[in-house]
2 protein chains.
Amino acid sequence: VKLAEQVKNGDRRALARAITLVESTRADDRDEADQLLEALLPSTGKATRVGISGTPGVGKSTFIEALGTMLCSRGERVAVLAVDPSSQKSGGSLLGDKTRMEKLANEPKAYVRPQPSSGALGGVAPSTREALLVCEAAGFSTVIVETVGVGQSEAAVADMVDTFVLLVSPAGGDELQGAKRGILELVDVIVVNKADGDLLVEAKKTRDDYDVSSKLFLRDAAWQVPVVLASAKEGSGVDDVWKKIQLHGRDEGRRVAQAERALWRTLESEVVRSLRANPDVQKAVDEVRAGKNPLRVARELAARFELQR
Amino acid sequence: VKLAEQVKNGDRRALARAITLVESTRADDRDEADQLLEALLPSTGKATRVGISGTPGVGKSTFIEALGTMLCSRGERVAVLAVDPSSQKSGGSLLGDKTRMEKLANEPKAYVRPQPSSGALGGVAPSTREALLVCEAAGFSTVIVETVGVGQSEAAVADMVDTFVLLVSPAGGDELQGAKRGILELVDVIVVNKADGDLLVEAKKTRDDYDVSSKLFLRDAAWQVPVVLASAKEGSGVDDVWKKIQLHGRDEGRRVAQAERALWRTLESEVVRSLRANPDVQKAVDEVRAGKNPLRVARELAARFELQR
């Protein structure tokens with residue numbers, strides 16, 4: 001298709017249109033989006049895919065801007081897909097996000113794009129995976145997917161990138177507690193940001209804390225999660241982080257497993273959607289509400305499940 | 001069926017056989033189990049359904065034993081379904097569980113039954129809901145479902161009982177942090193156990209902490225979650241807890257919504273199981289692993305979904 005050619009030729013407006021198309025939830029856009037992706041797919045897979053997460057205020061935008069600008073100055077082309085849970089209902093471009101990374105957005109070699117989020121917890125929309133593929137086909141050598149550490153969004157982003165980077169503040173080991181523990185199992189590189197001025201001592205202590213815990217949470221014998229000090233504001237440590245990302249590299253096996261999980265996630269959610277709309281299921285729900293055994297009714301319905309030819 | 005009559009007549013061995021039948025994962029037991037439940041269903045619904053959860057070491061067994069023994073002495077009949085995540089693979093009766101509540105297990109009016117757990121996190125098996133119904137049909141006036149606070153098991157238990165009780169230790173407000181926060185949204189009654197001897201002062205402080213937080217997490221304007229001091233060892237406070245459980249009472253609307261959710265959970269898991277066994281889906285997985293767009297493949301498969309007549 002023509003749009004695919006324009007995207008592959010690096011046409012900015014075509015890129016924006018293509019991402020809008022894959023993000024569309026309108027049924028009549030879906031065919032066109034699928035054709036576009038089919039045409040782009042042979043040109044995908046070449047970029048370094050990086051996920052960056054961290055709680056609000058940790059300095060994600062400043063860090064991504066510093067990293068992206070550094071890469072552009074070395075001749076790389078960088079795309080940033082920024083998932084903002086607060087944009088849940090708009091589904092479109094948020095001025096707020098654009099201006100957050102103004103400097104990077106004005107780089108000719110960079111592209112910054114806010115992503116619509118889905119679901120009550122501001123989760124990552126499945127289409128973000130497709131937007132990433134579009135950026136790859138458009139020739140970006142690095143694609144960064146940013147997410148705020150809310151709900152399931154980190155797991156979703158970790159499951160579409162080669163290297164998942166967690167930014168933490170130099171606030172000591174407090175963040176290691178509670179909710180943060182689950183995320184350590186997803187992380188490939190930890191960055192203690194704001195390691196400058198008065199916070200440097202505290203940042204070093206925090207690095208040591210995470211160093212201990214990353215050894216405890218070791219999940220891959222071949223990769224000891226590095227903990228890197230950085231100051232996005234002063235630009236220090238950003239190059240170190242990039243070296244760790246390159247060292248971690250990409251793993252085709254991981255990408256194949258990610259694609260398979262994406263298939264299952266979408267298949268399950270689409271089938272559940274069909275079930276909810278099915279009149280027989282709605283009738284069954286009424287019967288259960290009236291006193292029938294829900295497990296029996298469910299098993300009987302499930303036994304009738306089939307895929308048409 | 002004959003087994004159903006025996007269960008309704010209070011035959012102990014028939015009760016054990018009936019629960020074993022509904023717990024069976026063998027396909028050829030399923031029809032018989034469904035017929036049994038159909039025959040028992042008109043006799044269900046009369047018991048007070050209580051869920052009891054808490055971390056290991058908080059004194060759940062001792063508390064349930066104290067509560068159960070007290071109720072038996074008042075002429076009630078009490079069944080305890082104890083979910084032990086560690087029993088994951090045995091799927092059967094664990095001597096360990098039996099002996100934990102030895103005194104209650106020897107009460108003629110009580111029945112203690114370990115439950116098989118399912119899944120990697122030691123989750124509650126769907127059949128626990130059916131075991132609860134069997135106990136109701138057998139004439140128990142109170143059915144207690146015990147769970148260790150691990151993974152999703154608390155949510156599953158909270159979703160099959162009238163009143164969900166959380167036992168906490170008098171270790172101060174530490175437990176309010178992190179992982180425990182999610183559970184407060186499920187809880188109807190909080191019990192600070194081990195409120196005796198040296199720990200009494202600490203227990204009172206803990207009660208006050210939970211009192212504050214239960215006001216913060218208020219989800220139902222009609223029910224302020226009470227925080228009760230108890231000592232299962234000394235037997236104090238157990239009667240207070242029972243009064244709160246009775247005060248909370250049962251809500252037919254809650255039971256109907258629970259049945260509907262049980263329908264959906266089982267329907268989804270059974271359909272996903274069919275999908276995994278479907279040769280077309282397996283072929284699609286191979287195509288995705290070879291490079292096809294997973295979201296498109298998933299949508300195409302889901303579009304073929306149908307329920308046979």
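Predicted model: local features only at pLDDT ≥ 70, side-chain atom pairs only at ≥ 80, totals over all residues.
Author: Local features need pLDDT of at least 70, side-chain atom pairs count only at pLDDT 80 or more, and totals for chains, interfaces and linings use all residues. Residues are numbered from 1 along each chain as its sequence is written, chains are lettered from A in the order in which they are written, and side-chain values use heavy atoms, without hydrogens and water.

Reader: What rotation superposes chain B on chain A?
Author: A rotation of 179° with 0.1 Å of shift along its axis does, at RMSD 0.2 Å. That is the relation of a two-fold axis.

Reader: How do you know that the copies meet through the same surface?
Author: 100% of the interface residues of chain B are also interface residues in chain A, so the surface is the same. With contact meaning heavy atoms within 4.5 Å, 50 residues of chain B touch 51 residues of chain A.

Reader: Why is Arg299(B) with Asp34(A) called a salt bridge?
Author: The term requires a side-chain nitrogen of Lys or Arg within 4 Å of a carboxyl oxygen of Asp or Glu. Here the closest N and O atoms are 2.6 Å apart, so the pair meets the rule. Across the interface the rule finds 12 salt bridges.

Reader: What makes strand E10 of chain A and E10(B) a pair?
Author: Strands (DSSP runs of E, at least two residues, numbered from the N terminus) pair if DSSP finds at least two bridges between them. Three bridges join these antiparallel strands, so they pair. Leu307(A) has Phe305(B) as its bridge partner.

Notes
Least-squares fit on C-alpha atoms with pLDDT ≥ 70 in both. Helix = DSSP H or I, 4+ residues; strand = E, 2+ residues; numbered from the N terminus.
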